[in-house]
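Hi everyone, thanks for making the time. I'd like to walk you through one protein today, so please have a look at the screen.

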Amino acid sequence: MSGGQIVPIALRRFDTSQPWGFKLQGGSDVGCPIHVAQVQPKSISGKSGLQNGDLILRIGETDMQKATHQQARNEMIRAGNDVDLVVQRGGVAVKQTPQPEPEEEKETFQDVTPKTYKVLEKELPQAEATGARPASIFDRRKQDRTAYTKADKSGYMKTYGQQ
């Protein structure tokens, strides 16, 4: 074991619905020391200072150097919402997950012109020339509007196709 810095980490959460935000790997059953494989930066563990590659020496008062993976998981569960870890910085070399490089801001939206706007653009020059206003659906008499927009006697609108 290399001589990395020994650091106490205190993890606290309000209830079990909040995840700790790190992946635990290793154990004597798989022939690898128990360590932190991945930490979510904005999680409880990330904000508490836990780092990728930290070797877990103790969970609470239980020594983890010869523990199996299942024993380590059980100890985390047993600790509840207040977990005290003792870790060794850089105790295990962990493959860093590549962070996606930010892409250039591209315009991903199509230039969409509504049909009513297109009709208005077409009719507006004619309306200005004659001094009238452009056509509107409200220019029609109420009886001329389509049947599926008419309200029945109860005041409810009929659905399309309903008689």
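I'll start with the overall layout, then go through a helix, a core and a strand residue.

First, please keep in mind that this is a predicted model. The protein has 3 helices and 6 strands. Reading from the N terminus, the order is β-β-β-α-β-β-α-β-α. Of its 163 residues, 23% are buried. If you take the contacts with a separation of 6 or more, 59% of them join residues 24 or more positions apart.

Now let's turn to helix 2, which covers residues 69-79. Which of its residues are buried? They are Ala72, Glu75 and Met76. These residues sit on the same side of helix 2, because they cover an arc of only 100° around the axis. As a reminder, an α-helix has 3.6 residues a turn, so residues three or four places apart point the same way. What do the buried residues of helix 2 pack against? Their partners are strand 2 (22-27), strand 3 (32-39), strand 4 (55-59), strand 5 (62-63) and strand 6 (82-88). On the face turned away from that buried side, you'll find Ile77 and Arg78, both exposed. Just after helix 2 comes glycine 80, with a positive phi of about 75°.

Helix 2 also takes us to the largest nonpolar core. This core contains 20 residues. Those with the most contacts inside it are Leu11, Phe22, Leu50, Ile56, Ile59 and Leu85. Two or more residues come from each of strand 1 (6-12), strand 2, strand 3, strand 4, helix 2 and strand 6. Leaving aside residues up to four places away in sequence, leucine 50 touches Ile9, Phe22, Val36, Val39, Ser45, Leu85, Val87 and Arg89.

My last stop is glutamine 25, which lies in strand 2. Is glutamine 25 buried, exposed or partly exposed? Buried would need under 20% relative accessible area and exposed over 50%, so glutamine 25, at 40%, counts as partly exposed. Again leaving out residues up to four places away in sequence, glutamine 25 touches Pro33, Ile34, His35, Ala37 and His69. Along the chain, glutamine 25 and alanine 37 are 12 residues apart, yet their C-alpha atoms are separated by 6.0 Å.

That's my tour, and I'm happy to go back to any part of it.

Terms used
Residues are numbered from 1 along each chain as its sequence is written. This is a predicted model: local features need pLDDT of at least 70, side-chain atom pairs count only at pLDDT 80 or more; totals for chains, interfaces and linings use all residues. Side-chain values use heavy atoms; hydrogens and water are left out. Helices (H or I, at least four residues) and strands (E, at least two) are DSSP runs, numbered from the N terminus. Buried means under 20% relative accessible area, exposed over 50%, partly exposed in between (1.4 Å probe, protein chains only). Contact means heavy atoms within 4.5 Å. The arc is that of the directions from the helix axis to the C-beta atoms. A nonpolar core is a set of buried Ala, Val, Leu, Ile, Met, Phe, Trp, Tyr and Cys residues joined through side-chain atoms within 4.5 Å.
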